[in-house]
Amino acid sequence: MKPFILLTFLSCTLLLPLAQGEDKAKVDAGQAVAAAYFEALFTGDAKKATELSTVPFSLDRKKVLKTEKEVAAIHEEIVGDKGKRQLPKYTLAPTDKAAKLDAEIFPKHTAYRVLIDDEHVDVYVTQGDGPKVIGFSD
């Protein structure tokens, strides 16, 4: 019985930090995608913003875009309206304060809040391997 207890203890103490490290890496990957997406839109790179996105895509929580063509068009429209801007100083972190997306359409995602002075934008990113942006809201 003692070898079993020792083996169980060692397994838990050695494998638990590994699992937690994997979760942190996934959060970091999602955060990196959210930052790259925000920067692409802000600096006028609609193509890159579209490459970082997937469908379905939530547009300001008011409309769900269902094709890549629609997502590309909205990014082009945003860039056309706003132009190429100089990237401001900002912070970006996971948040639970963002409005929720429809769980039936967007089951597993993390919201990241971009803060610029006293304004914010929420970027929603899929969880897991190869995170992609599935929406934003300002």
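Ala, Val, Leu, Ile, Met, Phe, Trp, Tyr, Cys and Pro are counted here as nonpolar, Asp, Glu, Lys and Arg as charged, and the others, Gly among them, as polar. The structure is a predicted model, in which local features need pLDDT of at least 70 and side-chain atom pairs count only at pLDDT 80 or more, whereas totals for chains, interfaces and linings use all residues. Residues are numbered from 1 along each chain as its sequence is written, and side-chain values use heavy atoms, with hydrogens and water left out.

**Overall architecture**

- The protein has three helices and six strands, where helices (H or I, at least four residues) and strands (E, at least two) are DSSP runs numbered from the N terminus, and along the sequence they follow the pattern α-α-β-β-α-β-β-β-β.
- Of the 138 residues in the protein, 34% are buried, a term that means under 20% relative accessible area, with exposed meaning over 50% and partly exposed in between (1.4 Å probe, protein chains only).
- Among contacts with a separation of 6 or more, 52% join residues 24 or more positions apart, a contact being heavy atoms within 4.5 Å.
- The protein exposes about 9100 Å², of which carbon and sulfur atoms supply 58%; accessible areas come from the Shrake-Rupley method with a 1.4 Å probe, and for residues only the protein chains shown count as cover.

- Setting aside residues up to four places away in sequence, Tyr37 touches Ala49, Leu52, Ser53, Phe57, His75, Val123, Val133 and Phe136.

**The largest pocket**

- The largest pocket holds about 480 Å³ of space; on a 1 Å grid over the protein atoms alone, a pocket is an open set of points where a 1.4 Å probe fits, with protein on both sides within 12 Å along at least five of seven lines, and lining residues have an atom within 4 Å of a point.
- Grid points are joined across faces, edges and corners, and the volume is the space filled by probe spheres set on the points.
- Its lining consists of 19 residues, of which Lys82, Arg85, Val121, Phe136 and Asp138 lie nearest the centre, and the elements giving two or more residues to that lining are α1 (2-43), α3 (68-82), β4 (109-116) and β5 (119-126).
- By class, the lining residues divide into eleven nonpolar, one polar and seven charged.

**Local features**

- Ala93 lies in strand β3 (residues 91-94) and counts as partly exposed because its relative accessibility is 34%.
- Leaving aside neighbours within four places in sequence, Ala93 is in contact with Gln31, Ala111, Tyr112 and Arg113, and the C-alpha atoms of Ala93 and Ala111, 18 residues apart along the chain, are separated by 8.5 Å.
- A cis peptide bond, with omega about 0°, joins Val55 and Pro56, and Pro56 lies in strand β1.
- Asp60, in the loop between β1 and β2 (63-65), has a positive phi near 55° although it is a residue other than glycine.
- Asp117, in the loop between β4 and β5, has a positive phi near 55° and is exposed, with a relative accessible area of 77%.
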